[in-house]
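Subject: Structure handover

Hi there,

Here is the structure I promised to pass on. Please have a look at it first, and then read my notes below.

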Amino acid sequence: MSVLLEAKGLKKRFGGNEAVSDVSFTVHEGECVVLAGDNGAGKSTVIKMISGVHTPTEGQVFFNGELLTGKTPEGVRSAGIETIYQDLSLADNLDPGLNLYLGREKMRRVLGIPVLDRAAMRRDAAEVMKSLGIEVPDPAAPVRDLSGGQRQAIAIARAIHWQAKLVIMDEPTAALGVPEQREVMALIGRLKAKGVGIILISHNLPDIFAAADRIIVLARGVVGGERRPSETNDEEIVRLMMGASV
């Protein structure tokens with residue numbers, strides 16, 4: 001598997017506070033790397049430096065061998081990285097198709113007047129969701145009527161539709177029931193099978209062990225350790241999350 005993303009020596013200061021220091025890791029094609037850590041460990045700061053929201057104080061991020069640091073969030077998306085935050089950034093009053101194309105709507109002309117091509121967008125949404133094994137009972141229903149797992153699936157489908165090579169997922173199973181958590185884990189498996197790289201942000205141990213190919217543990221802004229799930233256990237990951245030495 002070739003390296004998709006490489007973070008080198010990332011550091012971020014906010015005033016006198018150093019939120020992240022010397023964080024380095026890689027993500028390969030078809031691999032899920034979990035950034036594990038408790039609240040305040042620096043996970044969100046790291047993904048915001050990758051996604052272009054924050055500029056690192058020091059360090060660089062490379063994607064497909066090209067420098068990513070310094071790009072805007074739009075530039076990062078254009079490069080092939082999609083970030084799915086906990087709020088999913090879905091428009092609750094719109095159907096899955098319109099959410100798929102949010103900000104990039106398909107248009108058609110009626111008597112020379114441009115109008116939204118809702119049918120085409122719904123067809124596209126149904127196709128991409130079918131390719132991920134997702135079923136939505138009514139493609140015309142607003143997403144507020146869907147389950148938490150279905151909403152998460154739509155956000156993932158949007159990322160795949162726009163040809164994401166790397167998907168960053170921030171606590172994707174937070175506030176989901178057990179069946180919906182399983183759905184999201186299954187979706188992660190399908191993304192990996194398509195060769196998509198995944199960075200999963202989590203402090204939930206079952207999620208970490210269900211999804212990870214590698215676990216990068218952050219504690220107080222630094223890398224506390226790196227493990228493969230087969231080489232570790234819950235207790236060691238918790239110790240590393242609490243700041244125990246490698």
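A charge sits over a ring if NZ of Lys or CZ of Arg is within 6 Å of the ring centre and within 35 degrees of the ring normal. Please keep in mind that this is a predicted model.

With that in hand, let's start at Trp162. The charged end of Arg104 sits over the ring of Trp162, at 3.9 Å from its centre. Trp162 also has an aromatic partner: a search of the whole structure turns up one aromatic pair, and Tyr101 and Trp162 form it in an edge-to-face arrangement, with 5.5 Å centre to centre and 85° between the planes. Tyr101 belongs to the loop between helix H3 (96-100) and strand S7 (107-110), while Trp162 belongs to the loop between helix H5 (148-161) and strand S9 (166-170), so the pair ties together parts that are 61 residues apart in sequence. Tyr101 is buried, at 5% relative accessible area, whereas Trp162 is partly exposed, at 25%.

The largest nonpolar core has 46 residues, and Met129, Leu132, Val167, Met169, Ile188 and Leu200 have the most contacts inside it. H5 gives the most to this core, with seven residues. Both domain 1 (1-80 + 164-246) and domain 2 (94-163) give residues to this core, so it lies between them. Another core, of 26 residues, lies apart from it and includes Val33, Phe63, Leu68 and Ile216.

Enjoy exploring!

Best wishes

Methods: Residues numbered from 1 in each chain as written. Predicted model: local features only at pLDDT ≥ 70, side-chain atom pairs only at ≥ 80, totals over all residues. Heavy atoms only, no water. Phe/Tyr/Trp six-rings, centres within 6.5 Å; stacked < 30°, edge-to-face > 60°. Helix = DSSP H or I, 4+ residues; strand = E, 2+ residues; numbered from the N terminus. Buried < 20%, exposed > 50% of the residue type's maximum accessible area, 1.4 Å probe, protein only. Core = buried A, V, L, I, M, F, W, Y, C linked by side-chain atoms within 4.5 Å. Domains from an automatic or database assignment.
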